Structure formats: C-alpha cells, structure tokens
Amino acid sequence: MSNKSGPVTSVDVAKLAGVSQSAVSRTFTPGASVSNDMRTRVLAAASTLGYRPNAIARTLITKQSQIVAIVASYLENPFYLSAIEQLSKRLRKEGYCLLLLVSDSGEADEFLVQSMQYQADGVILVSTTLSSTLAQTCKDMGVPVVLFNRVSRHGNVNSVAADNYAGGRLAAQVLVNSGHRRLAFLAGLENTSTSRDREAGFRDELAALGVGPYQRAVGDYGFEQAKVAVRSLFEGGRRPDAIFAANDYMAIATMDCLRDDLGLRVPEDVSVLGFDDAAPSAWRGYQLTTIEQPAQLMVENAVTLLLDQMRGEARDARAVIAPVRLVVRKTVRGLVPAPDQEPAGDA
C-alpha cells in the first residue's frame, strides 16, 4: 500500500512500473492491446500502490462509458438467457461492459432514464413488449440502438431477427409431409412480431398445401400459460395430432402437459414441434424437434450493427434476417434424427 497522501493515480503506477501513463490506461481498458510483460508490471505496481482505476473519471475524459445497456422484460425463455450471455462475451471482446435492465413494468421511460444515468454508449433491446416504443425514443435522442429478435414496425431502426416467417412455413411443411393433418398452433404474446410472423408463415404454407383449418391457442410465451392452452386444445372432439409451438419453452411445457396431465405419448399420439433450439430442447427427457434460430450469427450481427452506429459508420437503418433450419430429434412422428445427433445430458 502506498504512503503517498491523497489518491494513487495512474501517473504513480506508471512511475513505479517504469512505463508510460498510456500503458497503464491500456492495461485497465478491456480489449486494449498490451503485452503480457507490460501487463504484469503494471498490475504488480498497481497492487503495491493500492491503485484502482476510476471508470467515472475516464468517462468524463473520453465521453464514453464503455457500457452497453441490454433491455429485457422476458427472461423465462432459455434462448434469451443464452443470447444475453453471448452478447456479453462478444461485447467484452470489444472492450464494453454489459448493463442488464430487466423489468415487467412495461414503462419505456424507466429504462431510458436508467440507461442515460449510466451514460450507456448503446442499447440492445431484447424486450418482448418495449421494443418499438423504446427503440424509437433512443433513436430520436441519438442513442445507438439495435432490436434483437425483433423487427421495427416502420423499418427505421437497426434490427436483427431470425426468418420467423420462413420458419413458420417450414414447420407446416414438416408436419404435413410427415403425415399430420389435425394441426394446432400454440401462439406466444399476440403483440410480438415473432409470434405473428411464425403463425403467418405456418398459416400461409398450410393454405398452399391445401391443409386446414388449424386449431389455435395462446400460451403467451409462458410455461404454465402454455399448459392451460394445450389442455384447451383437447377439450373438443377434434383433437390435434400435432402441435407447433411458437417457441421451445412452450413446446417443452406442451410435452409435460401431454404426458403428465393428459396421459398421451409424444410423438406416438401427438407430435410436438418447437422454435428456437434452446439448450433444454436437446435434453434426454425432451429431445425436441425444432426450428433453430442461429443465435451466434444473430449476436454477431447485432453487435456489428451497434458498433457501426457508435463509431458513426452507420447511415441508413438495416434489418438483418438470419436463416433458420430444422433440427430433427424425436418429437415429430415420421422424422428420424441424423445418426450423429446424440442427445445431451439433462442439466
């Protein structure tokens, strides 16, 4: 510990380590280039002197906080937990820390105030309900913003999403081609573009194939809500022989409901198809056949779009649509998984 009166500064660390002040600054800047030898010397000197870098002071000097705010209001879905983890790691490589703001209040202003208080350099929205309003507010205030797994209603905000419409069409093709005719769609939140687009693709492809009508229930992207919705599908006389759920989280709830509450077998009695390819879908207890969203590709594109804005390199808003693909496991009757597709262990 230093005997120097007053706070220890980076200048003190630089003198003791025998390096420049800029070298000390780079050592404590995530993602900055510095040799291992220099990093060791600086950290040793900092430890001896009891030096702690002042992020607030750095923000005042550079006018950048190196913070990106992630705004979310729905983290039940394992897909979003994984995506946020990947976003954090990817942003860290660029020298940014992640500020996660989570609430179900639905107040866009609350999130904007919080992100502004922390002087966030940019915002990524993975919220199911706040996206459109908050994205436009950020844009109007000059705050770089990207919608993740959402699309802008007016096309004036940068966004990254999977091809939800194509995924819905693919789901219809898979179920019809595997011999199913009494189909049902389990919708998510009605006001989200993900659920709307997936259902639109499903509906249009069924019409093109001459199959219909299909049954419909709303699970609101929730686990227990999905179970209630599934039970309602089996109260009438025309019970479905296949259910396409708007995400894996509801698909897993569907399987639990069919097996535990209704005494039905999956896929012998009812086939189940999901959307996301979230980690639990590969667990031995589920082995869910699903439409995969390419999370890593979506994360990479979202970070690139945000960095371009923060560096002043972006001009017009871009909407990146990532391709989807079918992942065959064991919940759709008539489909056989690839030999190399081994089930993952339960977590």
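Where does Asp-121 lie? The views below come from a predicted model, in which local features need pLDDT of at least 70, side-chain atom pairs count only at pLDDT 80 or more, and totals for chains, interfaces and linings use all residues. Residues are numbered from 1 along each chain as its sequence is written, and side-chain values use heavy atoms, without hydrogens and water.

**View 1. Asp-121 in its loop.** Asp-121 sits in the loop between α6 (108-117) and β3 (122-125). Helices (H or I, at least four residues) and strands (E, at least two) are DSSP runs, numbered from the N terminus. Asp-121 has 14% relative accessibility, so it counts as buried (under 20% relative accessible area, with a 1.4 Å probe and protein chains only). Its side chain reaches the backbone nitrogen of Gln-66 at 2.7 Å.

**View 2. The buried face of helix α10.** In α10 (residues 223-233), Phe-223, Ala-226, Lys-227, Ala-229, Val-230 and Leu-233 are buried. Seen down the axis of α10, they fall within an arc of 165 degrees, so they line one face. That arc is taken from the directions from the helix axis to the C-beta atoms. An α-helix has 3.6 residues a turn, so residues three or four places apart point the same way. The buried residues of α10 pack against β6 (183-187), β7 (215-218), β8 (242-245) and α11 (248-261). Contact means heavy atoms within 4.5 Å.

**View 3. Helices α5 and α12.** Helix α5 (residues 78-93) packs on helix α12 (residues 295-310) at an angle of about 45 degrees, with their axes 10 Å apart. The contact includes Phe-79 and Leu-87 of α5 and Met-298 and Val-303 of α12.

Conventions:
Buried < 20%, exposed > 50% of the residue type's maximum accessible area, 1.4 Å probe, protein only. Polar contact = N/O pair within 3.5 Å; in protein donor to acceptor, adjacent residues only side chain to side chain. Axes fitted to C-alpha atoms, helices over the stretch in contact; angles between N-to-C directions.
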